[in-house]
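Hi,

Here is the structure I promised to send over. Have a look at it first, then read my notes below.

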Amino acid sequence: MNYTDFIKMKNLTKRLYLIVGEEKFFADKVEALIKQEFSADNSDGINIVSSDIEIKELKNVLNCVPFFSSHNVIIIKDFKLLKENKKAGDKTKEKNEEEFLDVVTSLPDFSVLILIADKVDKRRKIYKAFDKNGVIIEVNRLKVKEVREWLDNKLRAIDKKFDFEANQYFLEVVSRMANISVGFLDQEINKIALYTDNKLITKKDLSDVFAGIPEASIFSLTDAIGEKKIIKALALLKEQIANGEHFLRILTMVIREVRLLLRAKQLKASGYNNELIASKLELLTFIAEKVIEKSKNFTEEKLEQALIALAELDFNFKIGQADNAALEKIIIDMSKK
């Protein structure tokens, strides 16, 4: 199950939990909810053990009767047995896995085992044992289309609202993030809540708080490129460099924007409607519509030429043979008819 499904659960009756995924914010929330459910509010009820713990030692910890808490909650992060690639014929690892399977299928009623990992091979016996005997909670990073629901829930929790422009601006900035960190977004929303006493948050409120976020400022740059506002784009590029933004980060986002423009143009020419294009590009529909509209400013050939030039610039920069002027030239060439 995913994080949203898990937090809707009324009662936790299982004694075995596997939290798997890269979104630490969700992983921490799930861990806290499990500990709270089993009344392990104090250190007497919680045992955080090493990822290198031997199976025999883990068994002893699990069978240790708690004195000052109703349950023994044992937490292991990055458990080595989950990460190891078991090769055929490796008797030691096979033995360890069999012993661990015996442990997870015979947990005492007073012990709760929580394992936390970034990733797990779903084909292994260990994963299947968790699926059968416990609860597996996937805490993957949010996709752009999932951010809207998270944002609505967050705003309700802090009793705030975004106006229409603020809502669109927030989602557009987040869509530019290579990896969406919910923990980071949560922190930024909390800042906004402190920034203004008003219940309704405007785009200006949001942009003032987002001013230091690279994706927000680079978004303005890529937006200007897509709209063929050459003078504004060059000014924003110089501003980014002057503010210490790493050139490669700027270049990466410009490449992504040009690739989106090209892909949107190709899909539109193939007869796809806006919703299907949004799905193909993994964008919200209103963002995809803006990309489609901007793609009309360029021919397919022009966008292909820009992508080739940007790829060459990326290579040359990495070997120390390119500078800001090369990117400025590509931006200027894109605006030419």
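Let me start with glutamine 240: its relative accessibility is 4%, so it counts as buried (under 20% relative accessible area; over 50% is exposed and in between is partly exposed, with a 1.4 Å probe and protein chains only). Glutamine 240 sits in helix 12 (residues 230-242), where helices are DSSP runs of H or I with at least four residues, numbered from the N terminus. Leaving out residues up to four places away in sequence, glutamine 240 touches Ser217, Ile218, Glu245 and Ile250, a contact being heavy atoms within 4.5 Å.

Before the rest, some housekeeping. This is a predicted model, so local features need pLDDT of at least 70 and side-chain atom pairs count only at pLDDT 80 or more, while totals for chains, interfaces and linings use all residues. Residues are numbered from 1 along each chain as its sequence is written, and side-chain values use heavy atoms, with hydrogens and water left out.

Now the cores. A nonpolar core here is a set of buried Ala, Val, Leu, Ile, Met, Phe, Trp, Tyr and Cys residues joined through side-chain atoms within 4.5 Å. The largest one has 86 residues, and Tyr17, Ile34, Phe170, Phe210 and Leu327 touch the most other members. Helix 13 (residues 247-269) is the top contributor to this core, giving 12 residues. As for isoleucine 34, its contacts are Phe6, Leu12, Tyr17, Ile19, Val112 and Ile114, again not counting residues up to four places away in sequence. There is also a second, separate core of 28 residues, which includes Leu16, Leu107, Phe130 and Ile136.

On to the aromatics. Rings of Phe, Tyr and Trp (its six-membered ring) pair if their centres lie within 6.5 Å; planes under 30 degrees apart are stacked, over 60 edge-to-face, and the rest tilted. That rule gives 10 aromatic pairs. One of them is phenylalanine 247 with phenylalanine 317, a tilted pair at 4.7 Å centre to centre with 40° between the planes. The pair links distant parts of the chain, since phenylalanine 247 is in helix 13 and phenylalanine 317 is in helix 16 (residues 300-318), 70 residues apart. Phenylalanine 247 counts as buried at 6% relative accessibility, whereas phenylalanine 317 counts as partly exposed at 24%. Ring pairs also link Phe162, Tyr169, Phe170, Phe210 and Phe219 into a cluster.

Cheers

Terms used. Helix = DSSP H or I, 4+ residues; strand = E, 2+ residues; numbered from the N terminus.
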